[in-house]
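Please read the points with the model open beside you.

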Amino acid sequence: MRYIWIIILTAIWTTLLGLFGILVSLFEPKKGRTLGTCAQIWAKLILFMGGVTYTVKGIENLDLNKSYIFAGNHASGFDILLAFAGLPFWLVSIAKIELKSIPLLGWVMQVGGHIFIERGRQDKAIETLDIAKESLKNTPRSVLLFPEGTRTADGTLKPFKRGGLLIGVETGIQIVPVAFVGTFEMLDKDSWIMKNHPIELRIGVPIPSENYSNDTRRELAVIVQQNVQALLDQPS
């Protein structure tokens, strides 16, 4: 029942805040900025009204006036809520293109500046990333990235893919390792049973992306993964 309540809350607040943000975006100079604020409120309301307790550690590692590429593990759907609730930035996600066709949600994400990737076609994915890089240069904002590519099935961290991290390399935006702790235990993949489990967002030290290039992107992926794993291994 509790998970169904979370789904209902998500539908309600996505509709209300999404429509409000789209309306305001018609009159704002930086398209999507208001929707970025709405996304933070959206996540906090859902977690609060759903009775989900969360904490954030490591925010002091960040400059709140900068933009970052946040790269973390993907354990459950609650990772997205926790990221938007815990990171006080104009945050957009790199999402699978199928979400673009979902009524209202896809519209809100497009106006909000989220980045859609067609994973099955490498040429399209590269083209989309090129467009995203130019967009981020023209309208700075932070990006949420799950380099594993999909949710973990057993709670362990899988190898990080290099593609999305290239955005940081080619834009000069620092990459921040983040760890979503407890979200896997709260809701297993393909499960409808939600456990009463506290969750935590752990934020690492930014990694200077200018130290890497297209040729060393594999090394960067390994380093980011190691940093995320270290955050996951920290004692609670």
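How many residues does α1 have, and how far does α1 reach from its first C-alpha to its last?

1. **Helix α1.** α1 has 24 residues and reaches 33 Å from first C-alpha to last. That is close to the 34 Å expected at 1.5 Å a residue; the expected span is 1.5 Å times one less than the number of residues. Helices here are DSSP runs of H or I with at least four residues, strands are runs of E with at least two, and both are numbered from the N terminus.

2. **Basis.** This is a predicted model, in which local features need pLDDT of at least 70 and side-chain atom pairs count only at pLDDT 80 or more, while totals for chains, interfaces and linings use all residues. Residues are numbered from 1 along each chain as its sequence is written, and side-chain values use heavy atoms, with hydrogens and water left out.

3. **The buried side of α1.** Buried residues of α1 include Tyr3, Ile6, Leu9, Leu17 and Ile22. Buried means under 20% relative accessible area, exposed means over 50%, and partly exposed lies in between (1.4 Å probe, protein chains only). Gly18 and Gly21 are buried too. The cover over the buried residues of α1 includes α2, α3 and α4 (105-111).

4. **Ile7.** Ile7 also sits in α1. Ile7 counts as partly exposed because its relative accessible area is 36%.

5. **A nonpolar surface patch.** Ile7 is one of the residues that make a nonpolar surface patch of about 1100 Å². Others in the patch include Met1, Trp5, Phe48, Met49 and Trp192. Patch residues have over 30% relative accessible area and no salt bridge; like charges are joined within 9 Å, and nonpolar side chains (Val, Leu, Ile, Met, Phe, Trp, Tyr) within 5 Å. Areas come from the Shrake-Rupley method with a 1.4 Å probe, and for residues only the protein chains shown count as cover. α1 and α2 are the elements that give two or more residues to the patch. α1 gives the most, with six.

6. Is Phe48 buried or exposed? Phe48 lies in helix α2 and counts as exposed because its relative accessibility is 68%. Gln40 is also placed in α2 (residues 33-49). Gln40 is buried, since its relative accessible area is 16%. Leaving out residues up to four places away in sequence, Gln40 touches Phe84, Ala85, Leu87, Pro88, Phe89 and Trp90. Contact means heavy atoms within 4.5 Å.

7. **The largest nonpolar core.** This core has 34 residues. A nonpolar core is a set of buried Ala, Val, Leu, Ile, Met, Phe, Trp, Tyr and Cys residues joined through side-chain atoms within 4.5 Å. Val52, Phe70, Phe78, Leu87, Leu144 and Phe180 have the most contacts inside it. The elements giving two or more residues are α1 (2-25), α2, α3 (78-86), β6 (175-181) and β7 (199-203). Beyond four places in sequence, the contacts of Leu144 include Phe70, Phe84, Ile94 and Phe180.

8. **A second core.** A separate core of 26 residues includes Val143, Leu165, Tyr212 and Leu220. Val143 is in strand β5 (residues 142-145). Val143 is buried because its relative accessible area is 1%. Residues up to four places away aside, Val143 touches residues including Tyr68, Ile69, Ile115 and Leu136. In soluble globular proteins, nonpolar side chains tend to be buried together.

9. **Salt bridges.** How many salt bridges does a search of the whole structure find? The search finds three. A salt bridge is a side-chain nitrogen of Lys or Arg within 4 Å of a carboxyl oxygen of Asp or Glu. Glu200 pairs with Lys57 (3.7 Å, N to O). That pair links distant parts of the chain: Glu200 is in strand β7 and Lys57 in strand β1 (residues 54-57), 143 residues apart. Glu200 also bridges to Arg202, with the closest N and O atoms 2.6 Å apart.

10. **The remaining pair.** Asp154 and Lys158 meet in a salt bridge (2.8 Å, N to O). Asp154 is partly exposed at 46% relative accessibility. Lys158 is partly exposed at 31%.
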